[in-house]
Amino acid sequence: MRNSKKQIRTSLIAFAALASTGCVSSLPSFSHVHVGHAFTGWVNTPGQKGLFITSESFARQIARNSNEALSMVRKGSLEQAKSKASSIVDLVGNLDDTVEGKSDYRFLSAFQEARNHIGYAIQSADATGNMKSGLERFQTDSEIIVARADLIKTFAQEIDTVSDLSEAEDLARELRILAVQNLEGEDVNGSGAIGDSPDEFGLRQLRDDVSKVLAAENPKYRPVEQRYLFGLVRLPDGTWRFRDSDSSSGYSRGGY
């Protein structure tokens, strides 16, 4: 009996040691990994931040530049305002921009890639009903962000064509409103409260909605470790698998 207890204790210690070194582990779901690509980290973004987080950084810079452009017009510095407007056109970018490295990202390319990875999460066979229904709303609600971004670029381009300060101020004012709305949402009645219609959404509301979806996940959602975030590969048939690290780790699973 004493030897039997000793063997059990030895086995438990060995199991604990394996778990602590990662040899016994629970792999994250593919749907959670794709959400992590949007909100935790992605391999070639600046600072390897999540794609949605990257788009937020661009949106904040666009809002700052739009505020500065308006301020410059009001001070009579039209050429400086035009320079800021041109920088906004560059920061917005295009949906079809080619991204080969971190310096290639712009707002629209980062945001569209975040939407793509949310779409992969929805399509994952291991996605929960909560994940699918919640993130499908994200895809629909995020359309206003892309539409506003196109308007932002249009107003910024228009500023570069005018010579009248009054006309430039009108354009810069609308540009600033749109830039802030894309970041923080639309105050539709001047009360300071953001509406809950998708047409009034900004990035902040999209982030809050995803947080609610993740909070309702069962099994519980946890930020995905970097080795899994950056270890997911897509196979030629469109399915995903974790890249093998070594044969003993169990760090390999595919089919979704």
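Tutor: In this predicted model, the largest cavity is lined by Ala59, Ile62, Phe107, Ala149, Ile152, Ala179 and Asn182. The elements that contribute two or more residues to that lining are helix 3 (51-74), helix 7 (143-159) and helix 8 (165-184). Sorted by class, the lining residues of the largest cavity comprise six nonpolar and one polar, with no charged residue among them. The volume of this cavity is about 40 Å³, and a search of the whole structure for cavities of 30 Å³ or more finds one.

Two of the lining residues, Ala149 and Ile152, also belong to the part of helix 7 that meets helix 4, and that packing deserves a careful description. The axes of helix 4 (residues 78-92) and helix 7 come within 8 Å of each other and cross at roughly 150 degrees. Because angles over 145 degrees count as roughly antiparallel, helix 4 and helix 7 are roughly antiparallel to each other, and their crossing is left-handed. On the side of helix 4 the contact involves Ala81, Lys82, Ala85, Ile88, Val89 and Val92, while helix 7 brings Ala149, Ile152, Lys153, Ala156, Gln157 and Ile159. Taken by class, the contact of helix 4 with helix 7 holds nine nonpolar residues, one polar residue and two charged residues.

The largest pocket holds about 400 Å³ of space and has a lining of 19 residues, of which Ser26, Leu27, Pro28, Ser29 and His32 lie nearest its centre. Helix 2 and helix 10 (226-229) each supply at least two residues of that lining, and by class the lining of the largest pocket has seven nonpolar, six polar and six charged residues.

His32, one of the residues nearest the centre of the largest pocket, is also part of the contact between helix 2 and helix 6. Helix 2 (residues 30-39) packs against helix 6 (residues 129-141) at an angle of about 30 degrees, and their axes lie 12 Å apart; that angle makes helix 2 roughly parallel to helix 6. The crossing of helix 2 and helix 6 is left-handed, with Ser31, His32, Val35 and Phe39 of helix 2 in contact with Met131, Leu135 and Phe138 of helix 6. The residues of this contact divide into five nonpolar and two polar, and none is charged.

Conventions. Residues are numbered from 1 along each chain as its sequence is written. This is a predicted model: local features need pLDDT of at least 70, side-chain atom pairs count only at pLDDT 80 or more; totals for chains, interfaces and linings use all residues. Side-chain values use heavy atoms; hydrogens and water are left out. On a 1 Å grid over the protein atoms alone, a cavity is a set of points where a 1.4 Å probe fits but cannot get out, and a pocket is an open set with protein on both sides within 12 Å along at least five of seven lines; lining residues have an atom within 4 Å of a point. Grid points are joined across faces, edges and corners, and a volume is the space filled by probe spheres set on the points. Helices (H or I, at least four residues) and strands (E, at least two) are DSSP runs, numbered from the N terminus. Ala, Val, Leu, Ile, Met, Phe, Trp, Tyr, Cys and Pro count as nonpolar, Asp, Glu, Lys and Arg as charged, and the others, Gly among them, as polar. Axes are lines fitted to C-alpha atoms, for helices over the stretch in contact, and angles run from 0 to 180 degrees between N-to-C directions. Angles under 35 degrees count as roughly parallel, over 145 as roughly antiparallel, 65 to 115 as roughly perpendicular and the rest as oblique. A crossing is left-handed if the near helix is turned anticlockwise from the far one by less than a right angle, and right-handed if clockwise. Contact means heavy atoms within 4.5 Å.
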